[in-house]
Amino acid sequence: MQKSMIIIGAGIAGLSAGCYGQMNGYSTRIFEMHTTPGGVCTSWKRKGYTIDGCMHWLVGSSPANSFYRIWEELGIMQKHTFIDHEEYWSIEGSNGKSLVLYADLGRLESHMKELAPEDSDFIADFTKGLRKLNGFDMPVDKAPELTNIFDKVKMLFMILPYLGLMRKWGKMTVRQFTERFKNPFMREVFLAPVGDMKDFPIFALMMPLAWLSQKTAGYPIGGSLELSKTIEKRYLDLGGKVDYKSPVVKILVEDDKAVGIKLTNGDEHRADIIISAADGHTTIFDMLEGKYVDDKIKGYYDNFSLFPPLLHVAYGVARTFTELPHSVSGFNLFLDEPINIAGKELTRLPLHVYNFDPSLAPKGKTVLKFMINTEWEYWSELYKSRERYKAEKERLAKELLNILDKRYPGLSEQVEMTDVATPMTWVHYTGNWKGSYEGWMEMSLGFGKRMDKTLPGLDSFYMIGQWVEPGGGLPPAAQSGRNVIQIMCKRDKRKFVTTTP
Ligand SMILES: Cc1cc2nc3c(=O)[nH]c(=O)nc-3n(C[C@H](O)[C@H](O)[C@H](O)COP(=O)(O)OP(=O)(O)OC[C@H]3O[C@@H](n4cnc5c(N)ncnc54)[C@H](O)[C@@H]3O)c2cc1C
């Protein structure tokens, strides 16, 4: 008999689980609290402009990376056009110069050596590491929970050529990396983008450079919501069903077995299997009332570091910016005069210029967006007074525009749209704990480590998505949805199958 499955959340993980569930003969239904698919992989429209809330790159945008296969199965590769940017990031120093992290590693090496000739040996070593990393790719076909001794041995052989590389760079923090430079500018610009997160692993900066140089981390024209809608369509075409505006408040449990869900309107729905692809904290401590936790899980939520929430301040401007390069993470601007945001004096601001995607703005116009790491506690406290919250959003929009106007004279006259989204906005629309944009920081658990998809003592229940895949990201979210269906197929003694549209 066909088993039924309820999935909570139509983010990338939930949609992916839905697609693979349908491919494998399960009868699935997704309940989503919002009105659109995608969760944090989203965009929103204002006055003819589209503000992209997520997409920098999609790892696996070419067959050089194993994730390509998953995007093919989910219908992305057939539908979307990808562009590969030449620059990853441009970071300004206080001396007026900029370090440009080029995707072309030869260009990157000579640029860095030009900026810091005294560090030539270390730069050569670093770019050698990047080149080596270029060929690194992990198989994604089999769920790690299902790997056997042969798979592990195979994996070991695949990793073997990179062990030296991982030993050398794998545990190095950005702080330690910068200490290796003699050149003060290099120290400054490599520390700048990580802000307070100086213990961020340098590997997390090296991997994207390797992917970009391989041209397998492209940007899909149309941006985040269009990509999410493609997966939603794939799911619906496979016979799935999504209920929007359906927030789940409770997971129904009988004899330590998940049997259904309850919505805010009181409606109850039952199924053989319940998968939560929603926020981890809400799932464990609200929907399940904290009844299925052990010290390990409690420890994650009490002690582990989260990716910080973000403040997005976007402007739609009647200007093209064709003179600026296309960049994945944009420009890290150095400010002569600091700006106070959430009680902190900031001298750096990350600016994205969406001059590479004409679909996001009317012809001849562009979206510019600051995306600033901020503090959850500050914004949640401020939100208690809506007047002060609104006033602070307005102040920031004004002050940040002044900063832009100094760089690009006349810009403030060309602004047609302004939009400010705070961590509160993200919590309202996606439910992510403390507004964190990617869940757990990878380094909290150790590189490549995963969390369990089940909870102790609870049967017929699984968790997927960024709250069980430390480091987050679109590929792990999609993979996690695929993996959970593989696990279920194994339990139900079925062959896991995939199709492409
Ligand atoms: C600004 C930003 C930039 C990013 N850039 C990139 C990038 O360039 N590349 C990349 O790979 N990744 C990027 N990411 C990360 C990536 O988008 C996420 O890790 C991934 O989309 C998470 O997917 P998910 O399905 O696990 O979770 P979510 O997207 O959070 O999905 C959870 C879903 O559950 C729903 N939900 C929550 N509570 C309930 C409830 N009670 N009832 C019903 N539904 C509920 C939510 O509304 C949401 O739709 C970025 C993220 C952000 C925010």
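Start by selecting α19 (474–491), which gives the most to the shell around the ligand, with three residues. Helices here are DSSP runs of H or I of at least four residues, and strands are E runs of at least two, numbered from the N terminus.

This is a predicted model, where local features need pLDDT of at least 70, side-chain atom pairs count only at pLDDT 80 or more, and totals for chains, interfaces and linings use all residues. Residues are numbered from 1 along each chain as its sequence is written, and side-chain values use heavy atoms, with hydrogens and water left out.

**Stop one: the ligand**

Select the ligand and its shell. 38 residues surround the ligand; each has a heavy atom within 4 Å of it. The closest are Glu32, His56, Asn432, Gln466 and Gly473.

Now look at the polar contacts (pairs of N or O atoms within 3.5 Å). The side chain of Glu32 places an N or O atom 2.6 Å from a ligand oxygen. At Gly473, a polar backbone atom is 2.8 Å from an oxygen atom of the ligand. At Trp57, a backbone N or O atom lies 3.0 Å from a ligand nitrogen.

How much of the ligand does the protein bury? Taken alone the ligand exposes 1000 Å², and the protein buries 96% of that. Such areas come from the Shrake-Rupley method with a 1.4 Å probe.

Next, colour α1 (12–23), β15 (310–317), α17 (423–430) and α19 (474–491), the elements that give two or more residues to the shell. By class, the shell has 22 nonpolar, 14 polar and two charged residues.

**Stop two: the second largest pocket**

A pocket is an open set of points on a 1 Å grid over the protein atoms alone, with protein on both sides within 12 Å along at least five of seven lines; lining residues have an atom within 4 Å of a point. The second largest pocket holds about 370 Å³ of space. Of its 15 lining residues, Leu335, Asp336, Glu337, Ile403 and Lys406 are the closest to its centre. Select β16 (331–341) and α15 (386–407), the elements that give two or more residues to this lining. β16 has the largest share, six residues. The lining counts five nonpolar, four polar and six charged residues.

**Stop three: the cavity**

A cavity is a set of grid points where a 1.4 Å probe fits but cannot get out. The structure holds one cavity of 30 Å³ or more. About 60 Å³ of space lies in the largest cavity. Select its lining, including Met55, His85, Tyr219 and Phe356. Which classes make up this lining? Seven residues are nonpolar, five are polar and none is charged.

Note on methods: Grid points are joined across faces, edges and corners, and a volume is the space filled by probe spheres set on the points. Ala, Val, Leu, Ile, Met, Phe, Trp, Tyr, Cys and Pro count as nonpolar, Asp, Glu, Lys and Arg as charged, and the others, Gly among them, as polar. A polar contact is a pair of N or O atoms within 3.5 Å; within protein, one must be able to donate a hydrogen and the other to accept it, and residues adjacent in sequence count only if both atoms are side-chain atoms.
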